[in-house]
Amino acid sequence: MKLIRKNKPTLFDGFGLGRWGSFDEEIERLLGTPFAGMSRPTEFFGDWTPALDLTHDKENFVAKIELPGMERDDIEVSLHEGVLTISGERKAEEKKDDEGQLRTERVFGSFSRSVRLPKPVNEEKVTASYKDGILTVTAPMAEEVKPKQIDVKVK
Amino acid sequence: MSCACVNETEKETRASKAESQARVESERWALPRADVVESEEGFVVTLDLPGVGKDALDVTLEDRTLTVVGRRENALAGEPLHRESRAAGYRRVFSLGESVDPVGISAGIRNGVARLTLPKVVEAKPRRIAVIG
C-alpha cells in the first residue's frame with residue numbers, strides 16, 4: 001500500500017501549509033517497505049526537502065533549516081527581493097567495495113528552500129551559521145532598501 | 001527487514017509510537033532516519049539527528065537492545081511564523097543479532113549525524129583458512 005503524500009510547494013508565502021513529514025514515513029516503516037533511497041514523488045525543486053522554521057523577534061527574522069551531515073561549502077544562502085533561498089547538495093558517503101547496504105532511509109541530493117520574509121531586511125547584515133546539522137540565517141529588519149541579489153557566506 | 005544482524009523489532013516500534021502518542025505532557029519522540037551498512041568487520045548505523053550535539057546524544061545498551069536518543073530544543077526561539085520541524089527529540093531502538101559484539105560498540109556525532117559502529121564477534125567474521133602442503 002503506497003500512501004499518497006500531500007503536495008507541498010517549497011516557496012512559502014506566509015500561509016503555513018505545514019509539513020506531513022513523519023506520519024506516512026512511520027507507517028511505511030511499520031509496513032516494512034524499505035525506503036531504499038527512492039526519490040519521493042512530491043519534491044519540486046530538488047531531491048530532498050529539508051524542514052524549515054521561520055521565527056522573528058523584535059529585531060530579526062530567523063530561519064532555521066535541518067541539514068544534517070553537510071559541509072559549509074555545500075550550502076548556499078542568498079537573498080533576492082525579500083526572498084531568502086537556501087540551497088545546496090548533500091553528497092552521499094562513498095561506499096566501500098566490501099560493504100553491503102542493508103537499510104537506506106536517509107535522503108541525499110540537491111535541495112532548495114525559499115521563503116519570503118514578511119518585512120524588508122537589512123541585506124548587508126544578514127548572517128548564517130551552521131551547527132549540529134542546523135543552518136541558522138539571521139536577517140535584521142530594516143527600512144525599504146533597493147532590491148539586489150547578495151550571497152551570504154556561511155560561517 | 002529480515003537480516004539477523006541489526007534488527008528493529010516491530011513491536012518496539014509500535015510500542016514506542018503508541019507510547020509517544022498517548023502522552024501529552026511528557027516527552028515526544030520522532031523516529032530518525034537510519035542507514036545500516038554491513039562489512040566483514042561489522043555494522044555501521046548512521047542516523048540523521050539534526051540539532052543534536054554531542055552532549056544531547058545518549059546511546060545505551062541493555063542486554064541486546066541498543067537505544068539511541070537525541071534530545072533537541074523543542075520550543076522555537078522567538079515568535080513562530082512557520083514551523084516544519086517536529087517539536088520532539090529523536091529516539092530509535094535496535095535489537096542486535098548474534099553476530100554483533102556488544103563490547104566493541106562505539107558512537108560519535110558530527111553535524112547532526114550520529115554514527116554507531118557495531119563490530120562483529122570474531123566467529124562471525126570471515127576467516128581465511130591456510131592451505132598446507
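Predicted model: local features only at pLDDT ≥ 70, side-chain atom pairs only at ≥ 80, totals over all residues.

Colleague: What ipTM and pTM does the predictor give the complex?

Modeller: The ipTM is 0.74 and the pTM is 0.70.

Colleague: And what is the average pLDDT of chain B?

Modeller: Chain B averages 84. A score of at least 70 is reached by 80% of the residues.

Colleague: Let's start with chain A. How many helices and strands are there in chain A?

Modeller: Chain A has one helix and ten strands. Reading from the N terminus, the order is β-α-β-β-β-β-β-β-β-β-β.

Colleague: What about chain B, how many there?

Modeller: Chain B has one helix and ten strands. From its N terminus, chain B runs β-α-β-β-β-β-β-β-β-β-β.

Colleague: Now contacts. Take those between residues at least 6 apart in chain B. What percentage join residues at least 24 apart?

Modeller: That comes to 60% in chain B. For chain A, residues 24 or more positions apart account for 64% of the contacts with a separation of 6 or more.

Colleague: Zoom in on one pair. How many bridges join strand 4 of chain B to strand 10 of chain B?

Modeller: Seven. Strand 4 covers residues 42-48 and strand 10 covers residues 113-119, and the two run antiparallel.

Colleague: What stands opposite B:F43?

Modeller: B:L118, in strand 10 of chain B.

Colleague: What holds strands together in general?

Modeller: Strands of a sheet pair through backbone hydrogen bonds.

Colleague: On to the cores. Which residues of the largest nonpolar core touch the most other members?

Modeller: They are A:A63, A:I75, A:L84, A:I86, A:L135, A:V137 and A:A139, out of 22 residues.

Colleague: Which elements give two or more residues to this core?

Modeller: Strand 2 (52-56), strand 3 (60-66), strand 4 (75-80), strand 5 (83-90) and strand 9 (134-140), in chain A. Strand 9 of chain A gives the most, with four residues.

Colleague: Which residues does A:A63 touch?

Modeller: Leaving out residues up to four places away in sequence, A:A63 touches A:L52, A:L54, A:L84, A:V115 and A:V137. Apart from this core lies another, of 19 residues, including B:A30, B:V45, B:F94 and B:I109.

Colleague: Back to A:I86. Is A:I86 buried or exposed?

Modeller: A:I86 has 23 other C-beta atoms within 10 Å. The cut-off for buried is 20 or more, so A:I86 is buried. A:I86 is found in strand 5 of chain A.

Colleague: Which residues is A:I86 in contact with?

Modeller: Setting aside neighbours within four places in sequence, they are A:I65, A:I75, A:V77, A:R113, A:L135 and A:V137.

Colleague: And how many Å separate the C-alpha atoms of A:I86 and A:E123?

Modeller: They are separated by 15 Å, and the two residues are 37 apart along the chain.

Definitions and conventions:
Residues numbered from 1 in each chain as written. Chains lettered and ligands numbered in written order. Pairing = 2+ DSSP bridges. Contact = placed C-beta atoms within 7 Å. Core = buried A, V, L, I, M, F, W, Y, C linked by C-beta atoms within 7 Å. Buried ≥ 20, exposed ≤ 12 C-beta atoms within 10 Å, placed from the backbone. pLDDT = per-residue confidence, 0-100.
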